[in-house]
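I hope they are handy while you have the coordinates open.

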Amino acid sequence: MQIGDLFEKWGLTGLKVKTPILELDWEPADADKDAAWDLYVELLTRIATQRLPNDHGIENTALESVYSLFAITRSILKLHGRKAVGFSRIAVIVLNQIVRPFTAKWHRLSEQNAFEDKEKCDAFRAELYHLQGRLHCYTRLLADLASVEDLTDMEDEVNSNTK
């Protein structure tokens with residue numbers, strides 16, 4: 001398997017990555033699978049991948065939850081160490097190119113009291129929704145790496161079956 005193929009398979013395209021990394025042949029080690037599982041569980045249970053209805057939640061809390069992915073990922077990287085090098089490559093790319101632009105923009109705006117403005121809150125939620133879509137792709141990739149059933153859309157399927 002090549003990392004580029006994995007990104008393409010799970011819809012994580014448009015990332016700026018040096019070609020040699022994307023074309024790197026790689027077979028996930030147990031440490032990669034364990035690290036993928038650990039982050040999968042964290043992502044699957046956070047607002048980063050769970051819909052935030054317009055009449056629920058607090059924008060600042062949602063932003064903090066997304067931002068916490070940095071500390072969580074760092075802990076997982078340290079826990080699994082150098083044996084999870086493939087996972088590390090993927091996690092760092094996703095954090096720096098998908099999560100960081102969102103948190104950097106909204107952290108600054110939140111410090112400027114943006115969440116007191118309904119239009120800014122609406123814009124935040126729209127961008128969060130877009131981020132959640134990208135992170136859904138990431139959770140699917142992590143489930144694949146961890147060799148577990150993907151539960152990313154489990155609640156969406158239940159909700160659509162009960163309507």
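Where is Ser147 found? Point 1 takes that up, and the other points follow from there.

1. Ser147 lies in the loop between H6 and helix H7 (154-161). Do keep in mind throughout that this is a predicted model. The phi of Ser147 is near 60°, which is a positive value in a residue other than glycine. Most residues other than glycine have a negative phi. Ser147 counts as exposed because its relative accessibility is 56%, and the cut-off for exposed is over 50%.

2. Asn113 is another residue to look at for its backbone. Its place is the loop between H5 and H6, and its phi, near 65°, is positive in a residue other than glycine. Asn113 has a relative accessible area of 46%, so it is classed as partly exposed.

3. Now for the overall layout. The chain has seven helices and zero strands, and along the sequence the pattern reads α-α-α-α-α-α-α. Of the 163 residues in the chain, 42% are buried. Among contacts with a separation of 6 or more, 74% are between residues 24 or more positions apart.

4. How do H4 and H5 pack? Their axes are 10 Å apart, at an angle of about 150°. H4 and H5 are therefore roughly antiparallel to each other, as angles over 145 degrees count that way. The crossing in which H4 passes H5 is left-handed. On the H4 side, the residues that meet H5 include Leu63, Val66, Phe70 and Leu77; among their partners in H5 are Phe87, Val92, Phe102 and Trp106. By class, this contact of H4 with H5 divides into 14 nonpolar, six polar and one charged residue.

5. Val92, in helix H5, deserves a look of its own. It is one of the H5 residues that meet H4, and with a relative accessible area of 38% it is partly exposed. Val92 and Phe70 are 22 residues apart in sequence, while their C-alpha atoms are 9.3 Å apart in space.

6. H4 also packs with H6. Here the angle is about 30° and the axes are 11 Å apart. That makes H4 roughly parallel to H6, since the cut-off for this class is under 35 degrees. The crossing of H4 and H6 is left-handed. From H4 come Glu59, Ala62, Leu63, Val66 and Leu69, which meet Cys121, Phe124, Arg125, Leu128, Leu131 and Leu135 in H6. Sorted by class, the residues of this contact are nine nonpolar, no polar and two charged.

7. A last thought for when you have the viewer open: some residues turn up in several of these points. Leu63, Val66 and Leu69 in H4 meet residues of H5, and Leu63, Val66 and Leu69 also meet residues of H6.

Notes: Residues numbered from 1 in each chain as written. Predicted model: local features only at pLDDT ≥ 70, side-chain atom pairs only at ≥ 80, totals over all residues. Heavy atoms only, no water. Axes fitted to C-alpha atoms, helices over the stretch in contact; angles between N-to-C directions. Helix = DSSP H or I, 4+ residues; strand = E, 2+ residues; numbered from the N terminus. Parallel < 35°, antiparallel > 145°, perpendicular 65-115°, else oblique. Left-handed = near helix turned anticlockwise from the far one by under 90°. Contact = heavy atoms within 4.5 Å. Nonpolar A, V, L, I, M, F, W, Y, C, P; charged D, E, K, R; others polar. Buried < 20%, exposed > 50% of the residue type's maximum accessible area, 1.4 Å probe, protein only.
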